[in-house]
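Subject: Structure handover

Hi there,

Here is the structure I promised to pass on to you. Have a look at it first, and then read on for what turned up in it.

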Amino acid sequence: MNKLNFLQPDKNNLNTYLYTGVILVAFSIFIVFLNSFFNKDIVSFLPGPISFFLPLILGFIGLHLIRIDYSGYKFLESINKNINTNNFNAFLSLLIVFVVIKSLPPLLSWFIIDANIAGDSKDVCTGSGACWTYIKIWFNRFMYGMYPNPEQWRINLSFIALAFLGTIGFFATEKFKKYLTLYYVVVYPLIAFFFIFFFISGGPIFFDFSYGIIAAVISIIIGFFIPSKFKMYYFIIVPITLYILLKYVFFYEELIELGKLEALEWVETGAWGGLSLTFIVSFFCLIFCFPIGLFLSLGRRSDFPIIKYISIGMIEFWRGVPLITVLFMSSVMFPMFLPEDMFIDKLVRVIIAISLFEAAYVAEVIRGGLQALPRGQYDAAKSLGMGYWKMHILVILPQALKLVIPGIANTFLALVKDTPLIFVVGLLEIVGMLNLAKTNPEWLGFAMEGYVFASVLFFIICYAMSKYSYNLEQKYKTER
Amino acid sequence: MNIKKILPQLLTLLVVILIFGFFSYNAQVNMENRGITFGYGFLSQESSFDVQFSLIEYDGSHSYFRAYLVGLLNTILVSVIGIFFATIIGVVVGIARLSNNYLINRTAAVYVEFFRNIPLLLQIFFWYFAALRALPLPQDTEPMFGVFFLTIKGFFVPAFVWNNLDIFIYSIIAAIITIIFVRIYSRKKQEKEGIQIPVFSISIGLLIILPLLSFLFGGVNASVEVPVIKQLSQSGFTYEGGIKLPPELISLALALSLYTATFIAECVRAGVQGVSKGQKEAAASIGLTPNQVLKLVVMPQALRIIIPPTTNQYLNLTKNSSLAAAIAYPDLVLVFAGTALMQTGRAIEIVSITMLTYLSLSISISIFMNWYNKKIAIKEK
C-alpha cells in the first residue's frame, strides 16, 4: 500500500482518491440541488458563511482529488481534460454548474410551472409565473399589426407563395441552372412586388404595378431576340416606354372601370405591422441594398476621379451617421425636399432610407473582397480582351463575392436587427406592437412576457440566418 | 483624355447636380411657403424647455445651443460608460471563448450567440420596461453595502465631496508624466546596457504615492455624502444627496455594453487566434519567460488584429447610443433632433447639425484609425 498524499493525487491509490473525490463532488452538487429545488438547507447547522461556501469547498477538494493523469478510465480523462485541468478551471466549472442548478427552478417556474396560458382574459393570470395568455390573445396583432383580421389570408398567401418561389433554385434542373441568377435578381423581386402591392396593399395601386410587370415581362421576352450590341439601350428605353404606353394610352379607360370594381380592399401601409412588416421591410431592403452597395463599391475603386469621390462621399456619409437620424431625416427633413403636391408613402421612404444606409456597409464589405483579389486576376482578364463590365461580371465579382459571404451575411443580420427602428416614423413592427400592447389599460404589467417572446423570435430568425450563411460559406469555399 | 473617359463622369456629375438642385429648389419653395428663412441664428434663442438629466447647468432660459451641448454631453457620457463596460466584458468573454474548459467555453459562446442575435432596441426596452420596472420603490429598498440604493426611480450612489480637488488632479497628472519619463529612461537603459528596470511596479507605486502625498501635504481631503431617504408626499419618496443615475441611463448603458461586448469578444478571440503558434514557440526557444512571451510577442501581434475592429465597435456603440430616444434618455437625438426640432420646426438645420456631429466624430476616428493602421502595419522587406 502506497502512502496517501492528498495534496498530489496519483495513480497508485486510484480508487481511494476516486471514491473520495466523486463522493465529495456529488455531495456538493446534492446540497445545491436540494437547496434550489426543494428549498432545504441541510447544512444550515453550520455558521452562515461556511454553510454558504461549503458546496464550493467540498466540490473543489473533490475535483482536486480526481485530477489524476493516465487513470485508464476514458470518462474520467475526458472530464479532467475538459473541465478540470487545474484548480482555477475546476473552481470556475463548479461555479458555473452551481449557478445553472440554482437558476433553473426560478426560470422553470416562471416559464412553465407557474405560467398561465388558458383562458382569454387577464383574470386567469394569477400565478407568479409568466402570463402566456397575453401573448395568445395578442398573437394576431404581434404578427399582422393593425391589418384587418378578415384580410390576413392575403399576407399569409403572399409569404407562402414567396417562400415557395424562393426555394425554386434548389429544384432547378441542370438545364435551367444558368437562368437562376436572372430569376433571383430580376424576376423574383418583381414577383415579390406584385404580391406585396397586389395582395397585401390591395386597391388600385395593383394596376399601376401590374403594368410595370407586364412591361417588364414583355420586354424581357423580346429582349432575347435583340442583338447583344443594342441590349443595353434596349433595356433602358423599351420597358419605360411600354409602361407609359400601358398606363396612359391603352388601359386608361379600363383602369377607371376596374378601379370601381375594387377587387381587394385597400389597406394603407400605416395599418401594416407586426412581424410581417419586419419581414417586408427586411426583404425589400435586402433586395435593394445589395445592388446599390455593389455599384458603390465598384465606383469607389473606379479610375474616374469624379465617380470615385462621389462614391466615397456617399459611403462615408451613410456609414458615419446613426440609422435613427437617417430615419428622422426621411420623416421630417425629406418632405421639405419634395414639391408640395408630391407625396411618398411612409413605408417607401423608410425602405429607401434603410436600403441606402445598409448599401454603404455592403459596399465596404464588397470592397474588402475586391481588394483581396490578386492583381493577376485583373491582368489576366484584360489580356483576354475583356472590357470593364465583362471582366467584372465573369471574373472578378464571382470570386470577390464568394470571399465576402460572411461579411454580407453580417450586414444582412444587422439590417434585420435594425428594422425595429422604424418606430421613429410611426410604423409599428413587432417591437412597436409590443410597446403598444404594453400600454393597453387592460393588459398592463406584462411587458416582460412580450419582450421575451419577441427576443425568442428574433433569436430564431437571426441564428438561423447566421447558420445558413455559415453553410453557404462552406459550400462556396474554393481552394486558392 | 478621350471622350470615353470624360462622358460617364460628366453624366454622373450632371445627375448628382440635378438631384441636389431639385431638392434645394423644392426646399427653398417649401420654406418660403411656410415663412421660414434658412439660417442658424435660432441657436442663440431661448429654448424654454427643460431637460430631465443634464451634466451642465441647464434650464429653459438657456439657449438652443446650450441644449445641444447638454444632449451631446449626455451622448458622450453614456458612450463612455458603455465603452468602458463593453471592453471589460468583451475581453473577459473573448478570453473565456478560448478557454480549454468546456463549460466556460460554452457559457461564453451561449452569451455571445444570445445577445448579438437580439435587436439592440429590444434589449434596451427589455431592461427599461421589464427588468428595471421590477425594482422596489424608494421606501422599500434594501441598501447594498449600506450606501447604494437600487430603486425603480434610479440608482443612488454616494458622492465624494472634495476639498482642493485641483491639487489631487495635478498630482495624478504629475504621476503620469513621471511614468512616461521612467519608461523612456528604462528603454534607453535597456538598449544601452541591457539592464531591465521593473517599470510596471514603479508606475503603480508612483500612481499610488503621488496622490497619497497630495492627501498628506496638499490639503486634499474627501468626504462621502450618502444618499438619504426623503418624503415628498404621502406615498412619494426619493433620495437626497449623492449622485442619482436615472433608470434610462442605466438600462441604456447596460444594453449597449452587453450588446457591443459580444462583438468585442469575437474581435479579441480572432486576434488571439490570429497569432500563430510558431511565434510563441520561437519566442520561448530564445529563452523568453512566459510573461515576456505574452508581453513582447503575443500581445503586440494580437493587438494589431484586435484594435481596428474594436475601434469600429466603439464607434458603433456611440452611434447606437442614439437609440436613447426610444426610452427618453435625453441624448443628442432626443433633446436636439426631437424636442428642439418640434419647437422650432427647423428640420433641415437641426437634422443637418445632428448628422454632422455624428459624421465628424466617425470621420475623425476613421482618419485616426487609417493613420494608426499605417503606423503599426508590418513592414515587410
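Before the details, one cut-off that you will need: two residues count as being in contact if their C-beta atoms, placed from the backbone, lie within 7 Å. Please also keep in mind that this is a predicted model.

**Two helices in chain A**

With that cut-off in hand, let's begin with the pair α14(A) and α15(A). On the α14(A) side, the residues that make the contact are A:Leu323, A:Val326, A:Leu327 and A:Ser330. They meet A:Arg349, A:Val350, A:Ala353 and A:Phe357 of α15(A). Sorted by class, this contact comprises six nonpolar residues, one polar and one charged.

Two packed helices are described by the angle between their axes and the distance between the axes. For α14(A) and α15(A), the angle is about 145° and the axes are 9 Å apart. Helix α15 of chain A covers residues 346-372, and the crossing of α14(A) with α15(A) is right-handed.

**Chain A as a whole**

Chain A holds 20 helices and one strand. Of its 480 residues, 31% are buried. If you take the contacts in chain A with a separation of 6 or more, 68% of them are between residues 24 or more positions apart.

**Where the chains meet**

How many residues does each chain bring to the contact between A and B? Chain A brings 43 residues and chain B brings 48. On the chain A side, the elements giving two or more residues are α3 (74-83), α4 (87-113), α13 (305-320), α14 (323-333), α19 (430-438) and α20 (447-475). The most comes from α20(A), with nine residues. By class, the side of chain A that touches chain B has 31 nonpolar residues, eight polar and four charged.

**Chain B: domains and a sheet**

In chain B, the assignment gives domain 1 (3-34) and domain 2 (64-134 and 246-376). Their C-alpha centres lie 38 Å apart.

Chain B also has an open sheet of three strands, in the order β1-β2-β7, with antiparallel pairing. Its edge strands are β1 and β7 of chain B, each of which pairs on one side only. On average, and ignoring direction, neighbouring strands of the sheet are turned by 15° against each other.

Here is how the strands of that sheet connect:

- β1(B), residues 149-151, and β2(B), residues 154-157, pair over three bridges. A hairpin of two residues links β1(B) to β2(B), and B:Leu150 is placed opposite B:Phe155.
- β2(B) and β7(B), residues 243-245, are likewise joined by three bridges and run antiparallel. B:Val157 has B:Ile243 as its bridge partner, while B:Phe156 is partnered by B:Lys244.

As background, strands of a sheet pair through backbone hydrogen bonds, either parallel or antiparallel.

That is the tour. Happy to go through any part of it with you.

Best wishes

Key:
Residues are numbered from 1 along each chain as its sequence is written. Chains are lettered from A and ligands numbered from 1 in the order in which they are written. This is a predicted model: local features need pLDDT of at least 70, side-chain atom pairs count only at pLDDT 80 or more; totals for chains, interfaces and linings use all residues. Two strands pair if DSSP finds at least two bridges between them. Helices (H or I, at least four residues) and strands (E, at least two) are DSSP runs, numbered from the N terminus. Ala, Val, Leu, Ile, Met, Phe, Trp, Tyr, Cys and Pro count as nonpolar, Asp, Glu, Lys and Arg as charged, and the others, Gly among them, as polar. Axes are lines fitted to C-alpha atoms, for helices over the stretch in contact, and angles run from 0 to 180 degrees between N-to-C directions. A crossing is left-handed if the near helix is turned anticlockwise from the far one by less than a right angle, and right-handed if clockwise. A residue is buried if 20 or more other C-beta atoms lie within 10 Å of its own, exposed if 12 or fewer, and partly exposed in between; C-beta atoms are placed from the backbone. Domain bounds come from an automatic or database domain assignment.
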